[in-house]
Amino acid sequence: MKPSWANSASLPDLSAIARERAALATIADAIVSASVDKGLRIEVACPASRLAVADHLAQALHARGRVCRCRPAGSEPGEAGFPAGERGQPGVVVITGGPATGTGRDVLCVDVRVTGVPAQDGFPAGGDPDIVLDYQDPDGPMIRYLAPHLSAGDRRR
């Protein structure tokens with residue numbers, strides 16, 4: 001008889017967890033590198049089952065010296081950047097750090113899209129994301145897209 005913990009469905013897949021941490025570390029490194037001397041405003045659109053990714057990304061940024069916080073999109077009075085029907089939309093989290101009150105050259109704005117199972121995505125459509133983190137791969141999350149302005153050596157934005 002197998003012990004109850006031997007059921008593979010109840011055990012976390014450690015390789016998937018390691019892959020998620022590696023992907024978030026890569027994303028955090030790119031953001032920190034691109035945001036030297038700038039504030040941060042990162043919008044993370046994700047299915048409800050993946051909302052913790054925004055917190056994990058904020059923790060990875062904090063570990064790299066960027067103090068930041070997560071909050072629901074549209075939760076700040078007068079917050080711009082969301083169409084009228086999407087204010088406070090579940091599945092959109094904003095990570096801010098430093099002087100992120102404007103959207104000019106002093107703030108790095110990054111749009112992150114996290115994908116899950118296609119039928120469950122349900123995050124607001126719109127705009128091209130700067131980063132796509134895909135959870136549909138059976139081996140764990142993969143970075144499907146990283147915008148050129150976030151890659152090493154390109155700091156146009």
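Val 112 is buried, at 5% relative accessibility (buried means under 20% relative accessible area, exposed over 50%, and partly exposed in between, with a 1.4 Å probe and protein chains only). This is a predicted model in which local features need pLDDT of at least 70 and side-chain atom pairs count only at pLDDT 80 or more, while totals for chains, interfaces and linings use all residues. Residues are numbered from 1 along each chain as its sequence is written, and side-chain values use heavy atoms, with hydrogens and water left out.

Val 112 sits in strand β4 (strands are DSSP runs of E with at least two residues, helices are runs of H or I with at least four, and both are numbered from the N terminus). Its bridge partner in β5 is Ile 131. Beyond the neighbours within four places in sequence, Val 112 is in contact with Ile 42, Glu 43, Val 44, Ala 45 and Ile 131, where contact means heavy atoms within 4.5 Å.

## The sheet around it

Strands β4 and β5 pair in the parallel sense over four bridges (two strands pair if DSSP finds at least two bridges between them). They belong to an open sheet of six strands with mixed pairing, ordered β2-β3-β1-β4-β5-β6. At the edges stand β2 and β6 (142–146), each with a single partner strand, so one side of each has no neighbour in the sheet.

## Helix α2

Now for a helix. Helix α2 covers residues 52–63, 12 residues in total, and reaches 17 Å from its first C-alpha to its last, close to the 16 Å expected at 1.5 Å a residue; the expected span is 1.5 Å times one less than the number of residues. Its buried residues are Val 53, Ala 54, Leu 57, Ala 58, Ala 60 and Leu 61. They are on the same side of α2 because they cover an arc of only 160 degrees around the axis, taken from the directions from the helix axis to the C-beta atoms.

The cover over these buried residues includes α1 (14–34), β1 (39–45), β2 (69–72), β3 (92–97), β4 (107–115) and β5 (131–134). After α2 comes Gly 65, with a positive phi near 90 degrees.

## Cysteines

How many disulfides does a search of the whole structure find? The search finds zero, a disulfide being a pair of cysteine sulfur atoms within 2.5 Å. For Cys 70, the nearest cysteine sulfur is that of Cys 68, 6.7 Å away. Cys 70 is partly exposed at 31% relative accessibility, and Cys 109 is partly exposed with a relative accessible area of 22%.
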